[in-house]
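Take a look at the model below.

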Amino acid sequence: MKLHKETEQIQHLLGDYCRNGIEQDIPGLTPGRVHHYRRLVYNVVKGAMDTAFPITLAALGEEQWEELVQDFFANDFPQTPQIWKLPFEFYRFHATRETGQRIRQPYLEDLLYFEWIEIEVHTMPDRPYPQVLPHGNIFIDRLAFNPEFEIIRLDYPVHLYAAEKASEMKGDYFVLIFRTPDSGKVQFLNLSGINTYILTRMVEEDVPLNQLKGDIAQVSGIESGKYLDDALEKFIGDLMEKQLILGFLKE
Amino acid sequence: MEGQVGIGFRRDISQEILESSVLTPDFLEFAPENWMGMGGYWNRIRKEAVEKYPVTCHGLSLSLGSPEELDWDFIRELKIFLDENQVSIFSEHLSYTKSRNAHLYDLLPIPFRQDAVDHVVDRIKQVQNFLERPLAIENVSYYTPVAAEMTEIEFVSEIVEKAECKLLLDVNNVYVNAFNHGYDAREFIGKMPLDKVEYIHMAGHEQVEPDLIIDTHGQPIIDPVYDLFEWTIQRMDPVPVLLERDFNFNELEELQSELTHLKSIVKKHWKAAPESSETKLLVANKNRRSHETA
């Protein structure tokens, strides 16, 4: 490398100052000017995090939120050249450090993840759509799924309740997040454990619902029959209405 | 696109650019980092914009001045993006945005030193070779020099010459730097390698202290910067001119009036160059179709 160690070190000192705000002995500066770099750099990162995590910001309050942003930017090493992906690194940093436990906000990790996953699903690369038939039988035909979705598991129901209330309701929660084909908007759907099981099996195994009914009956404790069929029909109907299921696959 | 006037394609004004007749740029400039690898709604908007307008790209994260290795994974993705969108001009900042392997997401000033010149020249050559296209580097605004051992004009000129790259002349940045560091903007531009200029940026700024201007891209262009622009373009061949605005989009008519003002100056001094934007657009679209069927 043609860059001298001294020049490299000077560049790092300015970078360090921008990240942590601790004054450095940098040669050749115009007095009273360098603080603008810290301000400008930090504001870019703070603005990106404020925009990505408005619910978390509101739940924690500005002061505590600011501490989280400062901690992240001073101590993490952001790797993405695309700042709209930086919120994921922010989430990962605080999840790894168990910041939520430290600041006694146990829901924090879930809430950051929940807010990030909305961005991720909204912006993730397009996935190929299946060829769809509009008519069919939900029990004997294979269903055509909108491919742009994720299912996440949370400890706290931050998708249903405000953070304070959610923090008192630790459990197992499942959320379906998907991108609507026409508008590109993101929708959320709270899933029960059994519906998560059904959905996951259908997607992973790509078989008609009839082939799964025995297992579904066993896991749910509901006898195979009209009651189970009605429940499945309603669940599939809801997913069709919301455009997670687009129709039926061509055989 | 010589002599044409474009605007930065920002999400906040994407609908207006694509659907309304309030804004009439000749071309659009994308920051590739803000669009690369993105699907869904914004991917559709990008495709629509590329169908409708000729496109240039202005990078944010190459970090040409960093001590760190170049990020080749990123550059590979960038090449795909530039090719997919048939980008005519690709430019980047003569600055660094990464330190100790951490991205900083803003432009830090490279020390004006000979070893930094040699380092940046090597990196520009590597990038140009890989992308198989020339890179236009932008003279950035800076608020303090850092450990300088040569002047800014020496620094910029030597890099452009040795790297055999192009120059993106940001006229507002020259104005900002001249104000902040007490030099004469016209004299500075007169010494720039104007024959290497491939592209011009124009923008507004904000004076935050009696002796300091920050390059914000959030305000209208001020008259002295228009004057400097007019003075400059009389000394060089026609190139595309871009209006940069990153926020404060409240008054689209105000943005359009800036585009109109820039076009009127361009038309006055670069008489031979401009085809009408519609003609140019037809040519660009025709070229695009030829490329697709080739």
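Begin with a single pairing. V132 of chain A has L249(A) as its bridge partner, and L249(A) belongs to β6(A). This is a predicted model. The two strands involved are β1(A) and β6 of chain A, the latter covering residues 245-249. Two bridges join them, in the antiparallel sense.

Now widen the view to the sheet. It is open and has three strands of chain A, in the order β1-β6-β2. The pairing is antiparallel. In general, strands of a sheet pair through backbone hydrogen bonds.

Next, the whole chain. Chain A holds eleven helices and six strands. Its C-alpha trace spans about 80 × 45 × 30 Å along the principal axes. The radius of gyration of chain A is 24 Å, whereas a compact globule of 251 residues would have one near 18 Å. Buried residues account for 31% of the 251 residues in chain A. Of the contacts in chain A between residues at least 6 apart in sequence, 58% link residues at least 24 apart.

Finally, the interface. Here 41 residues of chain A are in contact with 40 residues of chain B. On the chain A side, the elements giving two or more residues are α1 (5-20), α2 (35-52) and α7 (108-123) of chain A. The largest share comes from α1(A), with nine residues. By class, this side of chain A has 21 nonpolar, 14 polar and six charged residues.

How values were computed: Residues are numbered from 1 along each chain as its sequence is written. Chains are lettered from A and ligands numbered from 1 in the order in which they are written. This is a predicted model: local features need pLDDT of at least 70, side-chain atom pairs count only at pLDDT 80 or more; totals for chains, interfaces and linings use all residues. Two strands pair if DSSP finds at least two bridges between them. Helices (H or I, at least four residues) and strands (E, at least two) are DSSP runs, numbered from the N terminus. The radius of gyration is taken over C-alpha atoms; the globule rule is 2.2 Å times the number of residues to the power 0.38. A residue is buried if 20 or more other C-beta atoms lie within 10 Å of its own, exposed if 12 or fewer, and partly exposed in between; C-beta atoms are placed from the backbone. Two residues are in contact if their C-beta atoms, placed from the backbone, lie within 7 Å. Ala, Val, Leu, Ile, Met, Phe, Trp, Tyr, Cys and Pro count as nonpolar, Asp, Glu, Lys and Arg as charged, and the others, Gly among them, as polar.
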